[in-house]
Amino acid sequence: MPASRPLRADARRNREALLSAARQAFLGDDTDAHVEHIARSAGVAVGTLYRHFETREALIEEVYRKEVDDLCSAPGDLLDQHTPHEALRRFLLLLVDHAAVGKGMSAVLESIMATDSPVFDDARTRMANALSQLLDAGSAAGTVRDDVTGSTLLRALGGICGIRATEGWLVEARQITALLYDGLRHGASQAT
């Protein structure tokens, strides 16, 4: 048994290397990245890739899930470091930046959209919950209006980020997000 512990560490290291290489490939607009290229970039054999991820789509799913994990872990830290309304503002901008990163991955994500994968429903639920956490904190502090849900706010951001096809969309999306943020503060009992 003790001999298997180093193997588990190696396996964990290989998995992380594969996820990192895949993230770089997919988020770097290399939508046609082949598993052989990803395995080579990670410094492992293709067989090792397939031991961790049965299909290319499973690898894509895991890269996306990790991105969502990182994003949805931010509200707690933001609330620890900033006022509730400032934490909300910063998270809204993180969501816009997530959409910008997701743009490079959009073509590869289309391949898993046709499957029964719950990855997108799960991501939407988790992002809406993260927004609700921030909205609730801002509402309790009296600096954010209390009549907007995380799901509604996520839909609004989806509309803002849906303009990705246009040149300079990210700057415009950030400007529109600032307007949305101002609207969330308008009518709050103690908006400052």
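This is a predicted model: local features need pLDDT of at least 70, side-chain atom pairs count only at pLDDT 80 or more; totals for chains, interfaces and linings use all residues.

Me: Is Thr177 buried or exposed?

Reply: Thr177 is buried, because its relative accessibility is 2% and the cut-off for buried is under 20%.

Me: And what is Thr177 in contact with, leaving aside neighbours within four places in sequence?

Reply: Leu92, Leu93, Val96, Leu157 and Ile160.

Me: Now the helix pair. At what angle do α8 and α9 pack?

Reply: About 155°, with the axes 9 Å apart; α8 is residues 150–161. Angles over 145 degrees count as roughly antiparallel, so α8 is roughly antiparallel to α9.

Me: Left-handed or right-handed crossing?

Reply: The crossing of α8 and α9 is right-handed.

Me: Which residues meet there?

Reply: From α8, Leu153, Ala156, Leu157, Ile160 and Cys161; from α9, Trp169, Ala173, Ile176, Thr177, Leu180 and Leu184. By type, the contact has 10 nonpolar residues, one polar and no charged.

Me: Different topic: confidence. What does the chain average?

Reply: A pLDDT of 85, with 84% of the residues scoring at least 70.

Me: Where is confidence lowest and highest?

Reply: Lowest in helix α6, residues 84–113, with a mean of 79, and highest in helix α5, residues 74–81, at 97.

Me: What about residues 1–7?

Reply: pLDDT stays under 50 over residues 1–7, and the model gives them zero contacts beyond four places in sequence.

Technical notes: Residues are numbered from 1 along each chain as its sequence is written. Side-chain values use heavy atoms; hydrogens and water are left out. pLDDT is the predictor's confidence in each residue, from 0 to 100. Helices (H or I, at least four residues) and strands (E, at least two) are DSSP runs, numbered from the N terminus. Contact means heavy atoms within 4.5 Å. Buried means under 20% relative accessible area, exposed over 50%, partly exposed in between (1.4 Å probe, protein chains only). Axes are lines fitted to C-alpha atoms, for helices over the stretch in contact, and angles run from 0 to 180 degrees between N-to-C directions. Angles under 35 degrees count as roughly parallel, over 145 as roughly antiparallel, 65 to 115 as roughly perpendicular and the rest as oblique. A crossing is left-handed if the near helix is turned anticlockwise from the far one by less than a right angle, and right-handed if clockwise. Ala, Val, Leu, Ile, Met, Phe, Trp, Tyr, Cys and Pro count as nonpolar, Asp, Glu, Lys and Arg as charged, and the others, Gly among them, as polar.
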